[in-house]
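Let's take a friendly walk through this structure, one feature at a time. Keep the 3D view open as you read.

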Amino acid sequence: MTAENSKPLCAVIILNWNGARLLPEFLPSVVTGTASDIGRVIVADNGSTDESVEILRRDFSGVELWEFTENYGFAEGYNKALERAHREGYRYAVLLNSDVKTPDGWLQPLVSYMEQHPECGACQPKLLSYKEPEKFEYAGASGGFIDRNGYPFCRGRIFGVVEEDKGQYDDIREIFWATGAALMVPVELYLTAGGLDAGFFAHMEEIDLCWRIHLLGKSIVVVPQSAVYHLGGGSLPASDPRKTYLNFRNNLLLLHKNLPQRDLRGTLMRRRLLD
């Protein structure tokens, strides 16, 4: 705990909007799996209009509830939550999706690594599939990278191909981006980097944030000694044309925002030949 305010070091923040169906299935594991001396489980409710708040008050009295008066969306909702976490004195925050199951002790390896490595600006656990726990999960697997043409991929997932987890990626190592499904970051650094960009709407906003963290001189790592289980696919199905549009648009926006101008032209020219 921090000496100045006796709070745990880490706020585990689940942003919820109309998640009455997901909360009873996934939140109990976060509550029981999170050691209270290092992490506080918080649900930031994004102006839900279903029974979410009622369920939280009735069934999860041990979970701290932060209520927003309206739906700010994913990025701005988390930005507001991290601003509050900063005001309340938390050193770290985990941005945890509402469809993630966490086993006992999942948070300790992440906190320990961050405490021992002040040069680290963000980290993630190993992300496995909730439905097929022997496999990695698409949204982050065992750490994200980006190729010379700007396409993101993961250790354990390339395009739509997902590998079985056989321990082949269990080493702690630097990565380019950490999954937004379970992203741990120092609260002050998150705010200094500008938080999540609401202009992305959905998809790749965590890659954009991680890129800006790199530009601030910090590293990003995967700590596979922690593993969580992600349901995934909850926002837009893979077949939805809007998902395809957002993925391509946001990938180009990512490059325009963060690549040096001297490299941008060549990258875009290669993309025109590939796309």
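The second largest pocket is lined by Ser129, Lys131, Glu132, Lys135, Phe136, Glu137, Tyr138, Gly160, Val162 and Leu231. A pocket here is worked out on a 1 Å grid over the protein atoms alone: it is an open set of points where a 1.4 Å probe fits, with protein on both sides within 12 Å along at least five of seven lines, and lining residues have an atom within 4 Å of a point. The space in this pocket comes to about 180 Å³, a volume filled by probe spheres set on points joined across faces, edges and corners. Sorted by class, its lining has four nonpolar, two polar and four charged residues. For that sorting, Ala, Val, Leu, Ile, Met, Phe, Trp, Tyr, Cys and Pro count as nonpolar, Asp, Glu, Lys and Arg as charged, and the others, Gly among them, as polar.

A word on the ground rules. Residues are numbered from 1 along each chain as its sequence is written. This is a predicted model, in which local features need pLDDT of at least 70 and side-chain atom pairs count only at pLDDT 80 or more, while totals for chains, interfaces and linings use all residues; side-chain values use heavy atoms, with hydrogens and water left out.

Now turn to the strands and helices, which are DSSP runs numbered from the N terminus (helices H or I, at least four residues; strands E, at least two). In a regular strand the side chains alternate between the two faces of the sheet. Buried means under 20% relative accessible area, exposed over 50%, and partly exposed in between, using a 1.4 Å probe and protein chains only. Strand β2 (residues 39-46) pairs with β3 in the parallel sense over five bridges; pairing requires that DSSP finds at least two bridges between the strands. In this pairing, asparagine 46 stands opposite phenylalanine 68.

How enclosed is helix α6 (residues 205-215)? Nine of its eleven residues are buried, so α6 is largely enclosed by the rest of the structure. Among the buried ones are Leu209, Cys210 and Trp211. Glycine 217, with a positive phi near 90 degrees, follows α6.

Charged contacts come next. The structure holds twelve salt bridges, each a side-chain nitrogen of Lys or Arg within 4 Å of a carboxyl oxygen of Asp or Glu. One of them joins arginine 155 and aspartate 171 at 2.9 Å, N to O. These partners lie 16 residues apart, arginine 155 in the loop between β8 (152-154) and β9 (157-158) and aspartate 171 in the loop between β10 (161-162) and β11 (173-174). Arginine 155 is buried because its relative accessibility is 10%, while aspartate 171, at 36%, is partly exposed.

Finally, look at the backbone. Most residues other than glycine have a negative phi. Phenylalanine 159, however, has a positive phi near 50 degrees. This phenylalanine 159 sits in the loop between β9 and β10, and its relative accessibility of 60% makes it exposed.
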